[in-house]
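I open this notebook to record what I looked up in one structure. The entries follow the order in which I consulted it.

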Amino acid sequence: MTALEYSPYAADCPSRQLLDRIGERWSVLTIGTLASGPHRYSAIAAAVQGVSQKMLTQTLRALERDGLVTRTVFPEIPPHVEYELTDAGRSLRRVLEPLEDWATSHMDAVAVSRQEYDAAR
């Protein structure tokens, strides 16, 4: 398949799976955390408040599998691991950053809308 043949609107298209990955809350926040450079697992976990160890591990593995994150093991004692965005991950961050900015700048209006909606129900 070429890029022109992919359609996330088609149920069996792999681009839909990629959009699902990109749209996951923990993926977006992990990519945002790694935008500043390589991080150890514990630093990512501290930055992404509320993520469980299991979910962070699954998210990092999935992002690595998709070529968005690299995992580097340093042969030291004790060994340590760092995660870093790949070129593809950095290009995705440039797309996600405006979405994050939109969410934070529009949150007040969304909160008001939610209150009005809930009050009318």
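Which residues is L34 in contact with, leaving aside its neighbours within four places in sequence? I found H39, I44, V69, Y83 and L85, where contact means heavy atoms within 4.5 Å.

I noted that this is a predicted model, in which local features need pLDDT of at least 70 and side-chain atom pairs count only at pLDDT 80 or more, while totals for chains, interfaces and linings use all residues. Residues are numbered from 1 along each chain as its sequence is written, and side-chain values use heavy atoms, with hydrogens and water left out.

I next looked up the core. The largest nonpolar core holds 17 residues, and I31, L34, I44, V69, Y83, L92 and L96 touch the most other members. Such a core is a set of buried Ala, Val, Leu, Ile, Met, Phe, Trp, Tyr and Cys residues joined through side-chain atoms within 4.5 Å; buried means under 20% relative accessible area with a 1.4 Å probe, protein chains only. Two or more residues each come from helix 2 (25–34), helix 4 (53–65), strand 3 (80–85) and helix 5 (87–120). Helix 2 gives the largest share, four residues.

I then turned to the whole protein. I recorded five helices and three strands, these being DSSP runs (H or I, at least four residues; E, at least two) numbered from the N terminus. Their order along the sequence is α-α-β-α-α-β-β-α.

I also checked the extent. The C-alpha atoms fill a box of roughly 60 × 40 × 25 Å along the principal axes. Buried residues make up 26% of the 121 residues.

Note on methods
Buried means under 20% relative accessible area, exposed over 50%, partly exposed in between (1.4 Å probe, protein chains only).
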